[in-house]
Amino acid sequence: MSQTTSTQSSSPEELDLVFWETSEYKWVSGDWDKWRYIPDGLGGEIGIRFGVSSGFKPFPWNQGGVAPFGSVKDSTGAASFGKHEQAGMASASVNAVRMQANSSFTHAQDNFTIELDFSRYKGSKVGGKDGVAGESTLVGVSDIYSGHTHGKTTVTITGTLTDGSAASPAGWKLVNGGVAPASKASFDAPSAELSLANGVLQGTDTPAPGGKAKSTNCVMGLVRLDAAGYKTLLLRYDIFPVPHNPGVQRIDNSGLYVASAFPRKPPQPPEPPKPPPVDLVVVIDTSVSMRDEADALSQTIEAAIAAAKTKCPSDLRVTYLGIEGTFKKTRFETTVRDYLTQTAKVDASLLRGRTNADSASLTDEQKKVFDPREDGARAIEDVAAHFDWRPGAARSVFFLGDEALEGGVSVQGQDQEDIEAADRAIELATKTGTRVHTYLGTSKFSSDAKKHERIVKEIQAEFARVARETGGKSFTSTDAQSGFQAVLEEVICGSSPSATTTP
């Protein structure tokens, strides 16, 4: 053992300690020189063995003493722990093996030893190696007499490294606890600090802050080992009489602690909330008259998305689909039908949208105005019911068209079929939690100005109703006179879960 001066110092870091779990430990007759194992609180065990040094004999603990026993939430240790130099330490439970030496100890020197075996210790749980005690392992004592009235106890710590060589205390550090409150069982609350020099723990004349001068007992002192790697430690307790008062009985009520330290991570600022996921499906009527809207939207969508990230951040996914057709050199290069059957893997027979082949079931009058590319309400139904929405994402459809919602406009304008188609789209969108935003473009419905105006108002009102009743926003070509970006920003922000629904 190399010679070192006192290594007493304050704890340099914040530590969370896990003490060994001593609740089941109790001295059994004949335990001298026999190993017992105590859970280390990490999933392993620490061996403990009581003995005596050469020249001394084992003794019965019951002659005014108390045999070793497990002390969970040890009262004196828990009261002292985490104070003073241990201010940066915390633990859910401070556990000890506590023992009280016999009052019959009246020799010039009495002695017992405690050996600790770490071969089953789960050191890997605290950044070390299994079977090895290291720099995250602490061993401590409390309530040993400081030599003022009831004798003096010294605890000399030696040990062996994993290679069998002798341990050195040169790198060990001592951290003292704080004053323990007085109890009915103790006329003198522990307050004297311990010193550690050359591997020897003993009381000093220095009380912990607020403690009694020349205190009889010592507060808890924890010795933090270094990284050398320890297989065993041996604590030698030597009890000496007070030179000026040799007749006073020397009762030694000492706690032994073993703990493992987890460096406490500094408080981390809370992570910013993740933006809500939003799935927006832009569906467009692909009749020739809607080409201008397809071009304008395709040119401004990126700028609109960038602006919306600031105004209403979201984890946005946008999909662009044409109804039974596409527009080259635009975003709309996939049809609703192809996306749902090929990407979302939906059976085509489940789709409500119609194709030109479906015109066989229509009347001659219906065939004159029927255009499957203008089946807006049916496209809303199909997307709401069958799109591959992300789990937890807000669902929105932005439908752009310039005709009535059921296959285009009839000669007389919007009819009952259009209203019923809108009703079905509203019902299914509401059922699936899908908001529908609408945009009505320009179209010529009649050479008669009054009739044209009437039809425009009817269709516009129906587009607005679909949006309103599903919580979306409605727009017309008037809203896009200065460009599509402002409309798209409103649609994107209006698709957020926190967006206010349209009254």
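**Strand pairing and cysteines**

G51 has T113 in β7 as its bridge partner. The model is predicted. G51 belongs to strand β3, residues 45–51. Strand β7 covers residues 110–117. Five bridges join β3 to β7, and the two strands run antiparallel.

β3 and β7 sit in an open sheet of seven strands. The order is β2-β3-β7-β14-β9-β12-β11, and the pairing is antiparallel. The edge strands are β2 (36–39) and β11 (192–197). Each of these edge strands pairs on one side only. From one strand to the next, the twist averages 30°.

Next, the cysteines. The structure holds one disulfide. C312 and C493 form this link, with an S to S distance of 2.0 Å. A disulfide is a covalent bond between the sulfur atoms of two cysteines. The angle about the S-S bond is -80°, and the link of C312 and C493 is left-handed. This pair connects distant parts of the chain, with C312 and C493 181 residues apart. C312 lies in the loop between α2 (291–311) and β17 (315–323). C493 lies in helix α8, residues 485–493.

Are these two cysteines buried or exposed? Both C312 and C493 are buried. C218 has a relative accessible area of 0%, so this cysteine counts as buried too. The cut-off for buried is under 20%.

Definitions and conventions
Residues numbered from 1 in each chain as written. Predicted model: local features only at pLDDT ≥ 70, side-chain atom pairs only at ≥ 80, totals over all residues. Heavy atoms only, no water. Disulfide = S-S within 2.5 Å. Helix = DSSP H or I, 4+ residues; strand = E, 2+ residues; numbered from the N terminus. Buried < 20%, exposed > 50% of the residue type's maximum accessible area, 1.4 Å probe, protein only. Pairing = 2+ DSSP bridges. Axes fitted to C-alpha atoms, helices over the stretch in contact; angles between N-to-C directions.
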